Amino acid sequence: MEQHGTITKDNHAALWHGRFKDGPDAKAVEFETSIHVDERMALDDIAGSLAHAKMLCEQGIISAEEGEAIKNGLSSIESDLKSGALKIDYSAEDIHSFVEATLTDRIGDAGRKLHTGRSRNDQIALDERLYLRRVIPDLQKEIASLIKTLASIAENHTTSLLTGYTHLQHAQPGTLAEHLCAWGFMLSRDLERLSDSLKRISLSPLGSGALMGSSLPLDRMSVAKTLGFSGATQNSLDSVSDRDFCIEFTSDFAILQSHLSRMCEEIVLWATTEFGFVDLSEKWSTGSSIMPQKKNPDFAELIRGRTGRVYGDLINLLVMVKGLPLAYDRDMQEDKAPLFDALDTIRSNISVFESMISTAKWNLKKMEESCAGGFANATDVADYLVLKGIPFRTAHALSAACVRLAIDSNKNAIEELSLEELKNISPLFENDIFERITPRACMEARKTLGGPSPNRVLEQISELKKIANKF
(Lines give C-alpha, C1' and ligand atoms only; values in the text may rest on other atoms or scores of the structure.)
Protein backbone atom coordinates (compact mmCIF):
# COMPACT_ATOMS: atom_id res chain seq x y z
CA MET A 1 0.00 0.00 0.00
CA GLU A 2 1.39 3.46 -0.89
CA GLN A 3 3.06 5.25 2.03
CA HIS A 4 3.04 8.98 2.78
CA GLY A 5 5.55 9.74 5.53
CA THR A 6 4.69 7.37 8.35
CA ILE A 7 0.95 7.36 7.67
CA THR A 8 -0.57 4.52 5.70
CA LYS A 9 -2.59 5.95 2.82
CA ASP A 10 -5.71 4.04 3.72
CA ASN A 11 -8.45 6.60 3.29
CA HIS A 12 -11.14 4.47 4.91
CA ALA A 13 -9.33 3.85 8.21
CA ALA A 14 -10.73 5.55 11.30
CA LEU A 15 -9.67 9.21 11.45
CA TRP A 16 -8.04 8.65 14.83
CA HIS A 17 -6.17 5.40 14.04
CA GLY A 18 -2.62 6.85 13.86
CA ARG A 19 -1.80 6.44 17.58
CA PHE A 20 -2.90 2.80 17.63
CA LYS A 21 -0.82 -0.22 16.70
CA ASP A 22 -3.77 -2.59 16.57
CA GLY A 23 -7.06 -1.91 14.87
CA PRO A 24 -10.29 -2.10 16.87
CA ASP A 25 -12.23 -5.31 17.29
CA ALA A 26 -14.97 -5.80 14.71
CA LYS A 27 -17.62 -5.81 17.44
CA ALA A 28 -16.16 -2.59 18.82
CA VAL A 29 -16.41 -0.96 15.41
CA GLU A 30 -20.00 -2.06 15.00
CA PHE A 31 -20.85 -0.82 18.48
CA GLU A 32 -19.36 2.66 18.12
CA THR A 33 -20.24 3.64 14.55
CA SER A 34 -22.97 6.21 14.07
CA ILE A 35 -23.24 6.54 10.31
CA HIS A 36 -26.64 4.82 10.15
CA VAL A 37 -27.96 7.65 12.32
CA ASP A 38 -25.97 10.65 11.10
CA GLU A 39 -26.05 9.88 7.35
CA ARG A 40 -28.97 12.31 6.99
CA MET A 41 -26.51 15.13 7.71
CA ALA A 42 -24.28 14.34 4.72
CA LEU A 43 -25.24 17.51 2.83
CA ASP A 44 -24.80 19.60 5.96
CA ASP A 45 -21.36 18.11 6.57
CA ILE A 46 -20.41 19.00 3.00
CA ALA A 47 -21.75 22.56 3.40
CA GLY A 48 -19.69 23.05 6.54
CA SER A 49 -16.62 21.57 4.88
CA LEU A 50 -16.95 23.85 1.88
CA ALA A 51 -17.08 26.91 4.14
CA HIS A 52 -14.13 25.64 6.18
CA ALA A 53 -12.03 24.97 3.08
CA LYS A 54 -12.84 28.44 1.73
CA MET A 55 -11.60 30.02 4.96
CA LEU A 56 -8.43 27.89 5.04
CA CYS A 57 -7.65 29.09 1.54
CA GLU A 58 -8.39 32.75 2.36
CA GLN A 59 -6.12 32.52 5.40
CA GLY A 60 -3.27 31.02 3.38
CA ILE A 61 -3.33 27.80 5.39
CA ILE A 62 -3.87 25.80 2.19
CA SER A 63 -3.04 26.85 -1.37
CA ALA A 64 -5.55 28.18 -3.86
CA GLU A 65 -5.08 25.04 -5.94
CA GLU A 66 -5.75 22.80 -2.97
CA GLY A 67 -8.78 24.88 -2.03
CA GLU A 68 -10.18 24.60 -5.56
CA ALA A 69 -9.60 20.83 -5.60
CA ILE A 70 -11.38 20.42 -2.26
CA LYS A 71 -14.26 22.60 -3.44
CA ASN A 72 -14.68 20.65 -6.69
CA GLY A 73 -14.35 17.33 -4.91
CA LEU A 74 -16.94 18.16 -2.25
CA SER A 75 -19.30 19.56 -4.88
CA SER A 76 -19.02 16.34 -6.89
CA ILE A 77 -19.79 14.28 -3.77
CA GLU A 78 -22.82 16.46 -3.06
CA SER A 79 -24.06 16.12 -6.64
CA ASP A 80 -23.56 12.35 -6.69
CA LEU A 81 -25.32 11.88 -3.35
CA LYS A 82 -28.32 13.87 -4.59
CA SER A 83 -28.49 11.95 -7.87
CA GLY A 84 -27.96 8.57 -6.25
CA ALA A 85 -24.74 7.92 -8.14
CA LEU A 86 -22.91 7.75 -4.81
CA LYS A 87 -24.18 5.58 -1.96
CA ILE A 88 -23.30 5.93 1.69
CA ASP A 89 -20.56 3.51 2.74
CA TYR A 90 -21.83 2.05 6.01
CA SER A 91 -18.40 0.70 6.87
CA ALA A 92 -17.37 4.28 7.62
CA GLU A 93 -17.34 5.28 11.28
CA ASP A 94 -19.53 8.34 10.83
CA ILE A 95 -20.64 10.79 8.16
CA HIS A 96 -17.55 12.95 8.65
CA SER A 97 -15.28 9.96 7.98
CA PHE A 98 -17.29 8.98 4.91
CA VAL A 99 -17.16 12.44 3.33
CA GLU A 100 -13.47 12.94 4.03
CA ALA A 101 -12.50 9.47 2.83
CA THR A 102 -14.56 9.84 -0.34
CA LEU A 103 -13.01 13.25 -0.97
CA THR A 104 -9.47 11.88 -0.54
CA ASP A 105 -10.30 9.01 -2.87
CA ARG A 106 -11.30 11.55 -5.50
CA ILE A 107 -8.68 14.31 -5.16
CA GLY A 108 -5.76 12.68 -3.34
CA ASP A 109 -3.64 14.34 -0.65
CA ALA A 110 -5.43 17.68 -0.86
CA GLY A 111 -8.37 15.91 0.74
CA ARG A 112 -6.25 15.20 3.81
CA LYS A 113 -5.90 18.95 4.42
CA LEU A 114 -9.62 19.55 4.80
CA HIS A 115 -9.60 18.64 8.49
CA THR A 116 -6.91 21.22 9.26
CA GLY A 117 -7.90 23.31 12.27
CA ARG A 118 -11.05 21.44 13.16
CA SER A 119 -12.15 18.46 15.21
CA ARG A 120 -15.10 16.15 14.85
CA ASN A 121 -16.24 17.77 18.09
CA ASP A 122 -16.86 21.18 16.54
CA GLN A 123 -17.75 19.57 13.21
CA ILE A 124 -20.70 17.61 14.58
CA ALA A 125 -21.88 20.60 16.59
CA LEU A 126 -21.94 22.55 13.33
CA ASP A 127 -23.60 19.77 11.30
CA GLU A 128 -26.44 19.42 13.78
CA ARG A 129 -27.12 23.15 13.71
CA LEU A 130 -27.00 23.23 9.92
CA TYR A 131 -29.35 20.24 9.70
CA LEU A 132 -31.88 21.75 12.10
CA ARG A 133 -31.73 25.08 10.28
CA ARG A 134 -32.50 23.21 7.08
CA VAL A 135 -35.35 20.96 8.25
CA ILE A 136 -37.15 22.98 10.92
CA PRO A 137 -38.59 25.43 8.34
CA ASP A 138 -40.06 22.40 6.54
CA LEU A 139 -41.65 21.27 9.79
CA GLN A 140 -43.03 24.77 10.31
CA LYS A 141 -44.57 24.70 6.84
CA GLU A 142 -46.28 21.41 7.74
CA ILE A 143 -47.64 22.86 10.97
CA ALA A 144 -48.80 25.95 9.07
CA SER A 145 -50.57 23.74 6.54
CA LEU A 146 -52.45 22.00 9.35
CA ILE A 147 -53.43 25.37 10.83
CA LYS A 148 -54.78 26.46 7.44
CA THR A 149 -56.76 23.23 7.16
CA LEU A 150 -58.30 23.77 10.60
CA ALA A 151 -59.10 27.39 9.73
CA SER A 152 -60.71 26.30 6.46
CA ILE A 153 -62.96 23.78 8.23
CA ALA A 154 -63.78 26.36 10.90
CA GLU A 155 -64.94 28.85 8.25
CA ASN A 156 -67.76 26.46 7.37
CA HIS A 157 -68.83 25.99 10.99
CA THR A 158 -68.96 29.42 12.62
CA THR A 159 -72.60 28.79 13.57
CA SER A 160 -72.38 25.02 14.13
CA LEU A 161 -73.25 24.60 17.80
CA LEU A 162 -71.06 22.41 19.98
CA THR A 163 -70.99 22.13 23.74
CA GLY A 164 -67.86 23.30 25.48
CA TYR A 165 -66.70 21.05 28.32
CA THR A 166 -64.74 21.41 31.50
CA HIS A 167 -63.92 18.23 33.45
CA LEU A 168 -65.71 16.53 30.49
CA GLN A 169 -68.95 17.93 31.90
CA HIS A 170 -71.24 20.32 30.03
CA ALA A 171 -69.93 23.83 30.56
CA GLN A 172 -71.17 26.43 28.05
CA PRO A 173 -72.49 26.46 24.49
CA GLY A 174 -69.92 27.11 21.79
CA THR A 175 -69.26 26.19 18.18
CA LEU A 176 -67.16 23.73 16.26
CA ALA A 177 -65.32 26.67 14.71
CA GLU A 178 -64.35 28.00 18.13
CA HIS A 179 -62.98 24.59 19.08
CA LEU A 180 -61.00 24.16 15.86
CA CYS A 181 -59.54 27.64 16.30
CA ALA A 182 -58.42 26.64 19.78
CA TRP A 183 -56.47 23.79 18.20
CA GLY A 184 -55.05 26.24 15.66
CA PHE A 185 -53.76 28.64 18.30
CA MET A 186 -52.16 25.76 20.19
CA LEU A 187 -50.24 24.95 17.03
CA SER A 188 -49.40 28.63 16.44
CA ARG A 189 -47.43 28.62 19.69
CA ASP A 190 -45.48 25.64 18.40
CA LEU A 191 -44.50 27.70 15.38
CA GLU A 192 -43.31 30.51 17.66
CA ARG A 193 -41.30 28.15 19.86
CA LEU A 194 -39.53 26.66 16.86
CA SER A 195 -38.73 30.13 15.53
CA ASP A 196 -37.28 31.12 18.90
CA SER A 197 -35.18 27.97 19.01
CA LEU A 198 -33.86 28.66 15.51
CA LYS A 199 -32.59 32.04 16.71
CA ARG A 200 -30.47 30.36 19.36
CA ILE A 201 -28.67 28.08 16.90
CA SER A 202 -27.71 30.92 14.59
CA LEU A 203 -24.12 30.84 15.86
CA SER A 204 -21.33 28.80 14.30
CA PRO A 205 -19.23 26.57 16.60
CA LEU A 206 -16.72 25.66 13.88
CA GLY A 207 -13.17 26.62 14.76
CA SER A 208 -13.61 25.65 18.40
CA GLY A 209 -11.58 22.54 17.67
CA ALA A 210 -11.69 19.68 20.12
CA LEU A 211 -12.28 22.12 23.00
CA MET A 212 -9.67 24.90 23.07
CA GLY A 213 -9.75 26.42 19.61
CA SER A 214 -6.69 26.34 17.37
CA SER A 215 -3.19 27.81 17.15
CA LEU A 216 -3.73 28.21 13.41
CA PRO A 217 -4.93 31.60 12.10
CA LEU A 218 -8.53 30.52 11.60
CA ASP A 219 -11.20 33.12 10.83
CA ARG A 220 -14.30 31.80 12.57
CA MET A 221 -16.43 34.78 11.67
CA SER A 222 -15.69 34.26 7.98
CA VAL A 223 -16.99 30.69 8.20
CA ALA A 224 -20.05 31.85 10.13
CA LYS A 225 -20.79 34.48 7.48
CA THR A 226 -20.35 32.02 4.62
CA LEU A 227 -22.82 29.64 6.26
CA GLY A 228 -25.38 32.37 6.95
CA PHE A 229 -25.01 32.42 10.73
CA SER A 230 -25.46 35.65 12.65
CA GLY A 231 -22.13 35.10 14.40
CA ALA A 232 -19.86 32.60 16.10
CA THR A 233 -20.12 30.99 19.52
CA GLN A 234 -18.15 32.83 22.21
CA ASN A 235 -16.48 30.04 24.17
CA SER A 236 -14.76 27.09 22.51
CA LEU A 237 -15.21 24.78 25.51
CA ASP A 238 -18.95 25.49 25.65
CA SER A 239 -19.25 25.26 21.87
CA VAL A 240 -18.38 21.58 21.71
CA SER A 241 -20.08 20.69 25.02
CA ASP A 242 -23.42 22.34 24.26
CA ARG A 243 -26.39 20.16 23.42
CA ASP A 244 -28.96 22.58 24.79
CA PHE A 245 -30.28 23.08 21.29
CA CYS A 246 -30.97 19.37 20.84
CA ILE A 247 -32.87 19.35 24.12
CA GLU A 248 -34.68 22.58 23.28
CA PHE A 249 -35.89 21.42 19.89
CA THR A 250 -36.93 18.05 21.28
CA SER A 251 -38.80 19.90 24.01
CA ASP A 252 -40.54 21.90 21.28
CA PHE A 253 -41.42 18.62 19.57
CA ALA A 254 -42.74 17.17 22.83
CA ILE A 255 -45.03 20.16 23.42
CA LEU A 256 -46.25 19.96 19.83
CA GLN A 257 -46.88 16.25 20.29
CA SER A 258 -48.86 16.97 23.45
CA HIS A 259 -51.12 19.24 21.40
CA LEU A 260 -51.62 16.58 18.75
CA SER A 261 -52.36 14.05 21.47
CA ARG A 262 -55.01 16.24 23.10
CA MET A 263 -56.61 16.90 19.74
CA CYS A 264 -56.66 13.18 18.98
CA GLU A 265 -58.15 12.41 22.38
CA GLU A 266 -61.08 14.66 21.52
CA ILE A 267 -61.44 13.04 18.10
CA VAL A 268 -61.53 9.62 19.75
CA LEU A 269 -64.22 10.80 22.17
CA TRP A 270 -66.23 12.56 19.49
CA ALA A 271 -66.15 9.48 17.26
CA THR A 272 -67.85 7.31 19.89
CA THR A 273 -71.51 6.35 19.66
CA GLU A 274 -72.10 8.26 22.88
CA PHE A 275 -70.87 11.55 21.41
CA GLY A 276 -71.25 10.93 17.68
CA PHE A 277 -69.99 14.38 16.69
CA VAL A 278 -67.54 13.26 14.01
CA ASP A 279 -67.56 10.55 11.37
CA LEU A 280 -64.02 9.74 10.29
CA SER A 281 -63.41 8.67 6.72
CA GLU A 282 -63.15 4.93 6.17
CA LYS A 283 -59.74 5.68 4.66
CA TRP A 284 -58.62 6.83 8.09
CA SER A 285 -60.34 4.17 10.22
CA THR A 286 -59.84 0.46 10.79
CA GLY A 287 -62.06 -2.48 11.67
CA SER A 288 -61.92 -5.43 14.02
CA SER A 289 -60.74 -8.97 13.33
CA ILE A 290 -63.61 -10.35 15.40
CA MET A 291 -66.35 -7.68 15.56
CA PRO A 292 -67.60 -6.95 12.04
CA GLN A 293 -69.42 -3.75 12.99
CA LYS A 294 -66.39 -1.88 14.32
CA LYS A 295 -65.06 1.35 12.83
CA ASN A 296 -62.17 2.37 15.03
CA PRO A 297 -60.32 5.74 15.16
CA ASP A 298 -57.01 3.89 15.17
CA PHE A 299 -54.96 6.64 13.56
CA ALA A 300 -55.98 9.19 16.18
CA GLU A 301 -55.14 6.59 18.83
CA LEU A 302 -51.74 5.88 17.26
CA ILE A 303 -50.84 9.56 17.20
CA ARG A 304 -51.91 9.80 20.83
CA GLY A 305 -49.95 6.66 21.65
CA ARG A 306 -46.73 7.95 20.12
CA THR A 307 -46.66 10.79 22.62
CA GLY A 308 -44.80 8.53 25.04
CA ARG A 309 -42.18 7.94 22.38
CA VAL A 310 -41.51 11.65 21.85
CA TYR A 311 -41.50 12.31 25.61
CA GLY A 312 -39.05 9.43 25.97
CA ASP A 313 -36.75 11.03 23.39
CA LEU A 314 -36.69 14.22 25.46
CA ILE A 315 -35.96 12.34 28.69
CA ASN A 316 -33.23 10.42 26.86
CA LEU A 317 -31.46 13.68 26.01
CA LEU A 318 -31.91 15.21 29.44
CA VAL A 319 -30.47 12.14 31.15
CA MET A 320 -27.62 11.94 28.61
CA VAL A 321 -26.22 15.34 29.57
CA LYS A 322 -27.13 15.23 33.29
CA GLY A 323 -23.73 14.23 34.62
CA LEU A 324 -21.35 14.99 31.76
CA PRO A 325 -18.21 16.96 32.52
CA LEU A 326 -16.99 19.46 29.93
CA ALA A 327 -16.03 19.16 27.14
CA TYR A 328 -16.93 16.40 24.70
CA ASP A 329 -17.78 12.91 25.94
CA ARG A 330 -18.74 10.00 23.71
CA ASP A 331 -22.11 9.86 25.43
CA MET A 332 -22.97 12.86 23.27
CA GLN A 333 -22.93 10.70 20.16
CA GLU A 334 -26.30 9.48 21.46
CA ASP A 335 -27.90 12.91 20.97
CA LYS A 336 -28.88 12.40 17.36
CA ALA A 337 -31.04 9.27 17.58
CA PRO A 338 -33.63 10.74 19.99
CA LEU A 339 -33.54 14.16 18.30
CA PHE A 340 -34.16 12.67 14.86
CA ASP A 341 -36.69 10.15 16.14
CA ALA A 342 -38.78 12.87 17.80
CA LEU A 343 -38.63 15.00 14.67
CA ASP A 344 -39.59 12.13 12.36
CA THR A 345 -42.42 11.05 14.66
CA ILE A 346 -44.10 14.43 14.86
CA ARG A 347 -43.76 15.06 11.13
CA SER A 348 -45.49 11.77 10.44
CA ASN A 349 -48.17 12.53 13.03
CA ILE A 350 -48.88 15.98 11.59
CA SER A 351 -49.27 14.57 8.09
CA VAL A 352 -51.65 11.83 9.20
CA PHE A 353 -53.69 14.13 11.43
CA GLU A 354 -54.19 16.67 8.64
CA SER A 355 -55.36 13.97 6.22
CA MET A 356 -57.66 12.48 8.87
CA ILE A 357 -59.28 15.76 9.92
CA SER A 358 -59.66 17.14 6.40
CA THR A 359 -61.71 14.10 5.32
CA ALA A 360 -63.88 13.92 8.47
CA LYS A 361 -67.61 14.63 8.39
CA TRP A 362 -69.38 16.46 11.20
CA ASN A 363 -72.75 15.50 12.64
CA LEU A 364 -74.24 18.97 13.12
CA LYS A 365 -77.50 17.60 14.53
CA LYS A 366 -75.72 15.62 17.24
CA MET A 367 -73.48 18.55 18.09
CA GLU A 368 -76.41 20.91 18.47
CA GLU A 369 -78.31 18.36 20.55
CA SER A 370 -75.31 18.18 22.88
CA CYS A 371 -76.03 21.78 23.88
CA ALA A 372 -79.49 20.90 25.15
CA GLY A 373 -79.78 19.81 28.76
CA GLY A 374 -76.87 19.61 31.12
CA PHE A 375 -77.50 23.17 32.32
CA ALA A 376 -74.80 24.63 30.02
CA ASN A 377 -76.69 27.93 30.10
CA ALA A 378 -76.52 28.40 33.88
CA THR A 379 -73.84 31.10 33.61
CA ASP A 380 -76.04 32.94 31.12
CA VAL A 381 -78.87 32.89 33.65
CA ALA A 382 -76.51 34.51 36.16
CA ASP A 383 -75.39 37.07 33.54
CA TYR A 384 -79.06 37.87 32.84
CA LEU A 385 -79.49 38.79 36.49
CA VAL A 386 -76.20 40.71 36.60
CA LEU A 387 -77.45 42.94 33.80
CA LYS A 388 -80.41 43.73 36.07
CA GLY A 389 -78.11 44.97 38.79
CA ILE A 390 -77.61 41.86 40.91
CA PRO A 391 -74.01 41.27 42.18
CA PHE A 392 -72.48 38.33 40.38
CA ARG A 393 -72.02 36.19 43.50
CA THR A 394 -75.69 36.65 44.34
CA ALA A 395 -76.68 35.97 40.71
CA HIS A 396 -74.52 32.84 40.75
CA ALA A 397 -76.38 31.56 43.83
CA LEU A 398 -79.76 32.33 42.27
CA SER A 399 -78.81 30.52 39.04
CA ALA A 400 -77.62 27.55 41.11
CA ALA A 401 -81.02 27.55 42.85
CA CYS A 402 -82.64 27.30 39.40
CA VAL A 403 -80.46 24.30 38.58
CA ARG A 404 -81.32 22.67 41.91
CA LEU A 405 -85.03 23.22 41.39
CA ALA A 406 -84.89 21.71 37.91
CA ILE A 407 -83.02 18.65 39.21
CA ASP A 408 -85.44 18.20 42.09
CA SER A 409 -88.31 18.51 39.61
CA ASN A 410 -86.83 15.83 37.33
CA LYS A 411 -86.25 18.39 34.58
CA ASN A 412 -83.17 18.41 32.36
CA ALA A 413 -82.83 22.13 31.81
CA ILE A 414 -83.52 25.51 33.43
CA GLU A 415 -85.68 26.46 30.46
CA GLU A 416 -88.07 23.63 31.34
CA LEU A 417 -89.01 25.55 34.49
CA SER A 418 -92.01 27.86 34.27
CA LEU A 419 -91.71 31.62 34.56
CA GLU A 420 -93.63 31.37 37.84
CA GLU A 421 -91.07 28.92 39.22
CA LEU A 422 -88.24 31.21 38.15
CA LYS A 423 -89.91 34.24 39.72
CA ASN A 424 -90.18 32.36 42.99
CA ILE A 425 -86.37 32.30 42.93
CA SER A 426 -86.01 35.93 41.76
CA PRO A 427 -88.72 38.43 40.79
CA LEU A 428 -86.29 39.91 38.27
CA PHE A 429 -86.90 37.04 35.87
CA GLU A 430 -89.13 38.03 32.94
CA ASN A 431 -90.45 36.16 29.94
CA ASP A 432 -87.41 37.22 27.85
CA ILE A 433 -85.25 34.88 29.92
CA PHE A 434 -86.28 31.95 27.74
CA GLU A 435 -85.08 33.50 24.47
CA ARG A 436 -81.89 34.69 26.18
CA ILE A 437 -80.77 31.23 27.29
CA THR A 438 -81.25 29.13 24.18
CA PRO A 439 -77.93 27.51 23.20
CA ARG A 440 -77.63 29.67 20.08
CA ALA A 441 -78.46 32.87 21.96
CA CYS A 442 -75.89 32.00 24.61
CA MET A 443 -73.25 31.39 21.96
CA GLU A 444 -74.04 34.54 19.99
CA ALA A 445 -74.03 36.68 23.14
CA ARG A 446 -70.38 35.85 23.81
CA LYS A 447 -68.90 38.67 21.76
CA THR A 448 -65.80 39.30 23.82
CA LEU A 449 -62.45 39.08 22.04
CA GLY A 450 -61.69 35.39 21.46
CA GLY A 451 -65.28 34.32 22.14
CA PRO A 452 -67.45 31.94 20.06
CA SER A 453 -69.82 34.46 18.43
CA PRO A 454 -69.52 34.15 14.64
CA ASN A 455 -67.86 37.53 14.08
CA ARG A 456 -65.31 36.90 16.80
CA VAL A 457 -64.48 33.47 15.41
CA LEU A 458 -64.04 34.95 11.93
CA GLU A 459 -61.44 37.27 13.49
CA GLN A 460 -59.68 34.24 14.95
CA ILE A 461 -59.73 32.46 11.59
CA SER A 462 -58.26 35.51 9.91
CA GLU A 463 -55.50 35.72 12.51
CA LEU A 464 -54.67 32.03 12.16
CA LYS A 465 -54.36 32.42 8.41
CA LYS A 466 -52.02 35.40 8.86
CA ILE A 467 -49.85 33.36 11.22
CA ALA A 468 -49.77 30.34 8.91
CA ASN A 469 -49.03 32.42 5.81
CA LYS A 470 -45.76 33.59 7.35
CA PHE A 471 -44.34 30.11 6.86
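In which loop is the place of serine 160? Serine 160 sits between helix 6 (120-155) and strand 3 (161-166), in the loop that links them. Helices (H or I, at least four residues) and strands (E, at least two) are DSSP runs, numbered from the N terminus. The model is predicted, so local features need pLDDT of at least 70 and side-chain atom pairs count only at pLDDT 80 or more, while totals for chains, interfaces and linings use all residues. Residues are numbered from 1 along each chain as its sequence is written, and side-chain values use heavy atoms, with hydrogens and water left out.

Serine 160 counts as buried because its relative accessibility is 9%; buried means under 20% relative accessible area, exposed over 50%, and partly exposed in between (1.4 Å probe, protein chains only). The side chain of serine 160 makes a polar contact of 2.9 Å with the side chain of histidine 157. A polar contact is a pair of N or O atoms within 3.5 Å; within protein, one must be able to donate a hydrogen and the other to accept it, and residues adjacent in sequence count only if both atoms are side-chain atoms. Leaving aside residues up to four places away in sequence, serine 160 touches Gly174, Thr175, Leu176, Leu364 and Met367, where contact means heavy atoms within 4.5 Å.

Two packed helices are described by the angle between their axes and the distance between the axes. Helix 10 (residues 244-270) packs against helix 13 (residues 336-358) at an angle of about 30°, and their axes are 10 Å apart. Axes are lines fitted to C-alpha atoms, for helices over the stretch in contact, and angles run from 0 to 180 degrees between N-to-C directions. Helix 10 and helix 13 are therefore roughly parallel to each other; angles under 35 degrees count as roughly parallel, over 145 as roughly antiparallel, 65 to 115 as roughly perpendicular and the rest as oblique. The crossing of helix 10 with helix 13 is left-handed, a term used if the near helix is turned anticlockwise from the far one by less than a right angle, and right-handed if clockwise. Residues of helix 10 in this contact include Cys246, Phe249 and Thr250, and among those of helix 13 are Leu339, Ala342 and Asn349. By class, the contact has 16 nonpolar, 3 polar and no charged residues. Ala, Val, Leu, Ile, Met, Phe, Trp, Tyr, Cys and Pro count as nonpolar, Asp, Glu, Lys and Arg as charged, and the others, Gly among them, as polar.

Helix 6 also packs with helix 13, at an angle of about 15° and with the axes 10 Å apart. These two helices are therefore roughly parallel to each other. Helix 6 passes helix 13 in a left-handed crossing, and the residues of this contact divide into 16 nonpolar, 3 polar and 6 charged.

Several features of the backbone lie in loops. The peptide bond from leucine 326 to alanine 327 is cis, with omega near 15°, and alanine 327 lies in the loop between helix 12 (307-322) and helix 13. Histidine 167, in the loop between strand 3 and strand 4 (169-175), is not a glycine but has a positive phi, near 55°. Histidine 167 is exposed, with a relative accessible area of 77%. Asparagine 410 likewise has a positive phi, of about 60°, without being a glycine. Asparagine 410 lies between helix 16 (392-408) and helix 17 (419-425), in a loop, and counts as exposed at 73% relative accessibility.
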